[in-house]
Amino acid sequence: MTEKLELLEEHKSFDGVQRKYRHYSTVLGCDMTFSLFLPNKEKFEAPPLVWWLSGLTCTDDNFTHKAGAQKKAAELGVAMVMPDTSPRGGDVADSADWDLGQGAGFYVNATQEPWARNFRMYDYIVTELTGIVRDTFGLTGPESIMGHSMGGHGALVIGLRNPDRFHAISAFSPIVNPSDVPWGMKAFDAYLGADKQTWASWDASKLLASHDGKPVPILLDQGTADNFLHVQLQPENLIAPEGYPLEIRMQDGYDHSYYFIASFIDKHLEFHQKHL
């Protein structure tokens, strides 16, 4: 039933179009929304695609409303797809804690109850939503991926696990080492179980340290005034093999908010377009 898309919103934006859709996800077992920006199809008949993954508590609306990405995406001729951050609904498992459950999918495939039935965000993005954007919108060209915070973790993990698919990865304030920080340990213990050996394939710092396949260029921006920097994010733990194309930029005075993202989103889109 994933082919039955309901168009919820459509707005002309900077010579392109910003849309929001709802559909039933067979992978997640619930209705899901996603947003999609398409540049002018008369100028860019087959645009490359950049994925954006949002952070804890966010939906697909946060990026589309706050990041100000549409102007540069229209100029570069880049399409963008923005999924929600987790399954949602009355029949979907949840937690009273804001950093676990609905709004906090962590882009993994959960194996533990009560999460395993619905919390399969990795498969949803890599397989199901991919099929929708390819089959419905003809977005079959080059792809790259980026995200913020929990979504930065997701972008790094998905990009590194699929190096032949994604041409570049970028992240704002990502959780780079979830196996060893409070947010990630809480989520991984709940979704994946207590055996930390099973966590490694969902941890960007471990995936990058052992990466021996095709290198995927990575750009990471981190604000020095980010309240989560030293406890939850720890970008210094993302260490690449010698010669790997990784750039980590510490941006003085910036925090964890979308004001930070909006300040550098144009540079990130230029980075992606260069590699696409």
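Serine 149 sits in the loop between β6 (143-148) and α4 (150-161), where helices (H or I, at least four residues) and strands (E, at least two) are DSSP runs numbered from the N terminus. Its phi is positive, about 60°, even though serine 149 is not a glycine. Serine 149 is also buried, at a relative accessible area of 3%; buried means under 20% relative accessible area, exposed over 50%, and partly exposed in between, with a 1.4 Å probe and protein chains only.

A word on what you're looking at: this is a predicted model, in which local features need pLDDT of at least 70, side-chain atom pairs count only at pLDDT 80 or more, and totals for chains, interfaces and linings use all residues. Residues are numbered from 1 along each chain as its sequence is written, and side-chain values use heavy atoms, with hydrogens and water left out.

Most residues other than glycine have a negative phi, and most peptide bonds are trans. Threonine 57, not a glycine either, has a positive phi of about 75°, and you'll find threonine 57 in the loop between β4 (49-53) and α1 (60-66). Then look at the loop between β5 (79-83) and α3 (121-137), which holds proline 114: the peptide bond from glutamate 113 to proline 114 is cis, with omega near 5°.

Last stop, histidine 211, in the loop between α6 (204-209) and β8 (218-223). Histidine 211 is buried, with a relative accessible area of 14%. Its side chain reaches the backbone oxygen of lysine 214 at 2.8 Å. Leaving aside neighbours within four places in sequence, histidine 211 is in contact (heavy atoms within 4.5 Å) with Leu160, Pro163, Pro241 and Tyr244.

Definitions and conventions: Polar contact = N/O pair within 3.5 Å; in protein donor to acceptor, adjacent residues only side chain to side chain.
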